[in-house]
Amino acid sequence: MQNLLDPAVLNAISGLDLVAATVVDGFVAGLHRSADFGFSQEFAEYRAYAPGDDLRHVDWNVYARSDRAYIKRFHGETNSQLMLLVDASSSMGFASHAVSKLAYVRFIAAALAYLATRRQRDATGLVVFGDTVRDFVPPSSRQGHLQRLLASLMRAEPQAKTSYAAPLTHLQSFLRRRGMVVVMSDFYAPPPDIVRSVTPLRIHGNEVVLFQVLDPEELRPNVAGSSMLIDLETGAQLEVSEDYVQGRYRERIEAHVADLSREARRAGIGYHLLQTDQPLDQALMQYLRLRTGRD
Amino acid sequence: MGWLAPGFLLGTLAIALPVWLHLLKRSASQPRKFSSLMLFEPQRRSTTRRRRIDHWLLLLLRVAVLLLLAAVFAEPYVRGHLPGAAPAKLLVLAVDTSASMRAGTRMADARRDALAVVAAKPRDTQGQVVSLGSRADSLTEQVQDADVLAAAIRGINATDARGSFALLASLARTLAAGTHMPIEMHLFSDMQATGLPPDFNELRLPPAVTLVLHPVGEAHLPNWTVESVAAPSQVWDPTKTRIVATVAGFATPAATRTVSLLINDRLASQQSIKVPASGRASVVFAAPDIPYGLVRASVQIDAADALAADDRYDFVIQRSERVHGLFVHQSSDAATGLYFRSALQSAADAAVVLDEVTVDQLHNRDLSGYAFIILSDIAALSPAVETRLTNWVRAGGRALLSAGTAAAQQRRVPVFDAPILGAHDYTRDDIRFASIATVDEAYAPAGALAGWQGIKVFYVTRVDAPQAEVGLRLADQTPLLLEKTLGTGRVVLLSTGFDRLTTDLPLQPQFVAFVDRLASYLSGRGTRVSALSVGDSVDLRPDPRLRGSADVLAPDGTHPLDLRQAAQVRTWPLPAAGFYALTLADSRHDLVAANLSRLESDLTAASPDTLKLWQASSDRSAPAGSTAAVTGAPMVRDESIHNLWWYAMWLLLVAVVTESLVASRYLNTQRESS
């Protein structure tokens, strides 16, 4: 099952819908052995019928055998809303191996959309942004909506700089229902600024989670001697030495990750660091954890 | 420590190349794209410092290679003995053989001192013997065998040549350029002051040369000499001949000297003159009895001084009959003949008798007795007369034609055989006259005369003679004086006339000299000098095309030319004083006299200060105050020069190998890390 969640394996699959089905089905097959999680169609418990309960939920088989009316309860029987915010700026095109950060985000977003629409019957929307909102798919759970989401993800290409303020402000006007907002980005910005931009999304009781997607080369760069680095977004050049990259830079990237995690939790925002060479199950697990917590 | 060729140290500037290459390589890393530089600090110096330090060893090795390479070429040296190394040097023994070394025992003293230096020479030191006369001749190779050097020294004798110490400095520079050893050059000479060149820079020695001077003889030795003799080289009337001899004394007291004139080694006249102290006096021999032909003449004094070679001055006089020339003019033109004859008679040595005839009288004239014929502006010649004239020229005669206004009416110039293209009358132009713009200095009748540019030419006949030699040319490039060879004779054409209507030349002072030179040239007398100096060259082959053999009979009765020289050599330097009987390539016979240069007669030695300055010019010689070097005592140096270029070469080799190893290791590290 883990092999099917390996980004390198998924990268060889051409269709994003097939990727999503492969990821989610494999992931769900693994989860069936766990008692911690349930899906909206899955049975949770029986409870005695009380006046006012919907008669459609009465288990008539039990009533016939025991002559008592019980109400059958399922996980997630209350439909939710999932908004996926995908950063498609130039820096997301960086890749030290076969899977770029944007491709990895595509896999996660597709899998989450598949999981939400097919399994949880949640309304799912998508925002692709860079310095502006480049693509927007309103939340919906109707038939065929998943294909719209996947098509929009396929169109996303890395370009332009990153700006969190404008796209998230734009998104606030569309968040009418209570749900989840997943922001997927490399988050190359000062952590307080990121959190300040994301915090308004928590209106209407939304749960917000940040998936910081980084390439392993960004966390542990491999530089021999001195190298000239070019910023993918600004085009700026900087000569760096091997010693600096292996010392000072690692300290700074680790501090940046830690600061963002701390600032997010302090603001009641979920945070998770994803590396593009790791399986996608962590992201799905995080989603289900939040989904379960909401039930 | 010093450098034998310090100019090569400029090569050390090349160390900028590896430094630049290292810096270039440092900044030439391949750019890599990265997602964001937000977390990198923009402090380039701090991020690249370690990289520079990593390559210090390689950079230092490369710089060392270049420095050592420059050092090898610059040839470092140190003074003093290197441990375990024998001092190596080249000992050059230069013996002055100039004429002044004939005085007293100077030559014997020089040989004795040179042999002493050879005897004291270390066995493994190379030596070379050089004679310094009119040129510096190496008498031996660079050898260690003292016997070879001593034998060469014993064979050295004084010559009649004029010495110049500049030759020794030139030899020192040549030797220094061809050897890596320091050179110790010993000069055995009378240090004659007149042997020093006018420019002291010619004496400058290279740094690798140590000059040791061995003066011989007295610094001030009295000497009388026949300094000069003024005598005509050609005489046809001895009664008008005057021979003036000047006797000079150098460092001499006032004295009375007897001066004798010898003609063909027989006493012709003798006089006594008083020569003041260190002064000069002249004596005149008038109307000596000179026989016909080439005569050996000498003036000698009874000096009884140290240098007898300059007490005699030899010269040659040629006595001959006057030659006859024929001046042919139009019957209506008597003025040009008057001009020409007057100019000839005005010349200092009027050796030509000029006969004048009209063109009509030329028919029955016997031409065989004339040395030359002048046709002055002849309008026309009968075919018979022109044929006679042409045949006379072809047989070796020489003719001059002037083409004035009358000749310009014809279609061709007779005898000269060139078509006439037309005439140019400059008086009808705005410029009124033409000037002479080009003079062929090598053309005897015109080349040596000055003032041609002031001559005005009013009328000129233009002829078509592309093969002719042009001696004078007008400003518009019209030839004015041309010459053609016809058979074995020559024809000269003046494309204007001798009258005042065509040119103002007859009115100018140059006319007399021009006519005199023209007559001498046409009569074949040429210009000869009565005496030469030792070292001067005589022309044995006046016409290089001549295939004949030349010969020289030297004063000692020998024939110094070998077969190859006799058949090929064109000029030959006179090696010693005396009379030389020459047989030229054209079978003519000549006699020349050579005398040693009178600069050798002043036996005064150069001042010690000058000699010290010369020694110090190399910066390697004895200190300026050292008396040992000037007094001739062999200089015993407690320090010697050791060239270190061989050690620098070894260090260079080690540096190159080390650099290769370090660079290879560095490249391997880079390959593995990439």
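Biologist: How far does helix 10 of chain B reach from its first C-alpha to its last, and what is expected?

Modeller: The expected span is 1.5 Å times one less than the number of residues in the helix. Helix 10 of chain B has 14 residues and reaches 20 Å, close to the 20 Å expected. Helices (H or I, at least four residues) and strands (E, at least two) are DSSP runs numbered from the N terminus. Please keep in mind that this is a predicted model, where local features need pLDDT of at least 70, side-chain atom pairs count only at pLDDT 80 or more, and totals for chains, interfaces and linings use all residues. Residues are numbered from 1 along each chain as its sequence is written, while chains are lettered from A and ligands numbered from 1 in the order in which they are written.

Biologist: Which residues of helix 10 of chain B are buried, and what covers them?

Modeller: Burial is a neighbour count: 20 or more other C-beta atoms within 10 Å of a residue's own make it buried, 12 or fewer exposed, anything in between partly exposed, with C-beta atoms placed from the backbone. In helix 10 of chain B, the buried residues are Phe511(B), Phe514(B), Val515(B), Asp516(B), Leu518(B), Ala519(B), Ser520(B), Tyr521(B) and Leu522(B). Their cover includes helix 7, helix 9 (444-447) and strands 17, 18 (352-358), 19 (372-376) and 20 (398-402) of chain B. Just past the helix, Gly524(B) has a positive phi of about 80°.

Biologist: Helix 7 is part of that cover. At what angle do helix 7 and helix 10 of chain B cross?

Modeller: Two packed helices are described by the angle between their axes and the distance between the axes. Axes are lines fitted to C-alpha atoms, for helices over the stretch in contact, and angles run from 0 to 180 degrees between N-to-C directions. For helix 7 (residues 335-346) and helix 10 (residues 510-523) of chain B, the axes come within 8 Å and cross at roughly 85°. These two helices are therefore roughly perpendicular (65 to 115 degrees; under 35 is roughly parallel, over 145 roughly antiparallel, the rest oblique). Phe340(B), Ala343(B), Leu344(B) and Ser346(B) of helix 7 meet Phe511(B), Val512(B), Val515(B), Asp516(B) and Ala519(B) of helix 10; contact here means C-beta atoms, placed from the backbone, within 7 Å. By class, that contact has 7 nonpolar, 1 polar and 1 charged residues (Ala, Val, Leu, Ile, Met, Phe, Trp, Tyr, Cys and Pro are nonpolar, Asp, Glu, Lys and Arg charged, the others, Gly among them, polar).

Biologist: How do helix 4 and helix 5 of chain A cross?

Modeller: The axes of helix 4 (residues 101-119) and helix 5 (residues 145-155) of chain A come within 10 Å and cross at roughly 175°. That makes the pair roughly antiparallel. Among the residues in contact are Ala109(A) and Ala113(A) of helix 4 and Leu146(A) and Leu149(A) of helix 5. The contact has 8 nonpolar, 2 polar and 2 charged residues.

Biologist: Now the strands. What is the strand order in the open sheet of 5 strands in chain B?

Modeller: Strands of a sheet pair through backbone hydrogen bonds, either parallel or antiparallel. Two strands pair if DSSP finds at least two bridges between them. The order here is 6-5-4-7-8, with mixed pairing. Strand 6 (136-138) and strand 8 (209-215) of chain B are at the edges with a single partner strand each, so one side of each lacks a neighbour in the sheet. From one strand to the next, the twist averages 25°. Strand 4 (residues 90-96) and strand 5 (residues 126-132) of chain B run parallel and share 7 bridges, with Asp96(B) opposite Leu132(B). Helix 5 (residues 146-154) of chain B packs on the sheet, touching strands 4 and 5, at about 10° to the direction of strand 5.

Biologist: Which strands are joined to strand 8 of chain A?

Modeller: On the chain A side, 5 bridges join strand 8 (residues 226-231) to strand 9 (residues 237-241), which runs antiparallel. These two form a hairpin with 5 residues between them, and Gly235(A) in the turn has a positive phi of about 80°. In chain B, strand 2 (residues 31-34) runs parallel to strand 8 of chain A, joined by 4 bridges. Met228(A) takes part in both pairings: its bridge partner in strand 9 of chain A is Glu239(A), and Met228(A) stands opposite Pro31(B) in strand 2 of chain B.

Biologist: Is Val328(B) buried or exposed?

Modeller: Val328(B), in strand 17 (residues 323-329) of chain B, counts as buried because 25 C-beta neighbours lie inside 10 Å. Its contacts beyond four places in sequence include Val357(B), Leu362(B) and Ile378(B).

Technical notes: Contact = placed C-beta atoms within 7 Å.
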